[in-house]
Amino acid sequence: MTAAGSSSSITPNVLSDIVRVCWGTNVKEDIFVRWTQGFQFSLDEPTALVQYEGGPCAVLAPAQAFILKYIIQNVDPVNDNWRTIEQEDQNKLLVHAVVEMLKQAVDSNTFHIVYIDATEASSPDYSFDQFHSQIKVQSCSSCDEVEQFYNQRIDLLYNRFGVLLFLYSVLYSKGLARLRLEVSDITEPLIDREFGYGSQSLINLMITGRAVNYVFDHVQDIDGLQLQGINQQSQIGFLTLLEHLRYCEVGSYLKNPINPVWVLGSETHLTVTFSFEKRLACLESSADKARRVFKMFDPDGNNFIASDHLQNLLAKLDLVSDINYVDIMRKKLDPDELGIILLSAFMDEFFGDPEKPPPDMFDIFHYNGLARSNYERKVMYRMAHCVLLECNINCLLETNPMLTCLQTKWPSIELSWVHGVTPSLN
């Protein structure tokens, strides 16, 4: 069977660049071994990917999220038995997910699929150097060719190097020059040298296609240093327990993705939550955009800006911003001449029409790819009934990381897990 595109050996310089970006120097063999697994579906949940050791969740959890995105977009959860599928459908889901992840990372129509021959992939006890000595590359000139290649060589995704080969394909296709423009510190590897977990740059690359280090919206200027965040609303979202611990700030682009699927981060692991309630996520509304842009002038989150910023704010929102109109609005929004404009006053004036509220009752599912972290060691989706209380006072429970993580998105959420077992973020 002939796959699309042309095949060749990968050049030593390109390979060494990919290895250095991924692993740094002095790679630990046990870290490499933990990353040598393919994309494999659970026997207990045919659409859920299994993770065997810690580390590759930085690729597996986003891939799972894109699989779920496709299911949510194309399945009726009431009438379709979406949790029971055959291997042919598993193949389609997996190929669709990896092609979409690859496509969003690439600015051109040139793709480089990194692979090794099936006979080599089946060889036992491959060392780090032996693995890299067998690498080849298939060049494709369109997403259709990429999809055709993976459909014809589906074993490349399932074999024990499938996750790494896909990661290398993303990096090679994106290009190291482009990657260097996005990563703040190119000397820090995408895979931690000591523990083997993926960096935030790697997580962002898999979720959004851009390997930026931060999860806030746009760019923030910190003492003259330009820190790159997420530049647009993403297809899937990201929430993290680290935001509650004040180690980071997740912006509206990741908290409010286009589809109701979120990768969840704990201190050490990535899992996924999702819902078939499509009203939980949608394209950004004009009011959502206004709040996000307002925050660009209110980086400390005070819910007010200096009145001098009003003209620039209106201009960024494509609203009337000539000086005479701005002076009139500044006096109206700051009648006591305090020199500030409140977010609430601004929103009432320019976006006063009531928005359709999100549902206050819905169901969510949670996925954790590690068998040891699942109830009865079975990788399966766990379901919860959710209620958003009228108050916005959240009850933080340090003993319930799942609730605390979800409260970074829904501060007043309460959950009732079916079967009474709260799933683990770790």
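A: **The second largest pocket**

The second largest pocket has a volume of about 740 Å³. A pocket here is found on a 1 Å grid over the protein atoms alone, as an open set of points where a 1.4 Å probe fits, with protein on both sides within 12 Å along at least five of seven lines. Grid points are joined across faces, edges and corners, and the volume is the space filled by probe spheres set on the points.

This is a predicted model: local features need pLDDT of at least 70, side-chain atom pairs count only at pLDDT 80 or more, and totals for chains, interfaces and linings use all residues. Residues are numbered from 1 along each chain as its sequence is written, and side-chain values use heavy atoms, leaving out hydrogens and water.

Now the lining. The second largest pocket is lined by 31 residues; a lining residue has an atom within 4 Å of a point. Nearest the centre lie Tyr197, Gly198, Ser199, Gln200 and Ser201.

Three elements each supply at least two lining residues: α3 (57-74), α11 (200-208) and β6 (237-240). Helices (H or I, at least four residues) and strands (E, at least two) are DSSP runs, numbered from the N terminus. α11 gives the most, with three residues.

By class, the lining has 15 nonpolar, 10 polar and six charged residues. Ala, Val, Leu, Ile, Met, Phe, Trp, Tyr, Cys and Pro count as nonpolar; Asp, Glu, Lys and Arg count as charged; the others, Gly among them, count as polar.
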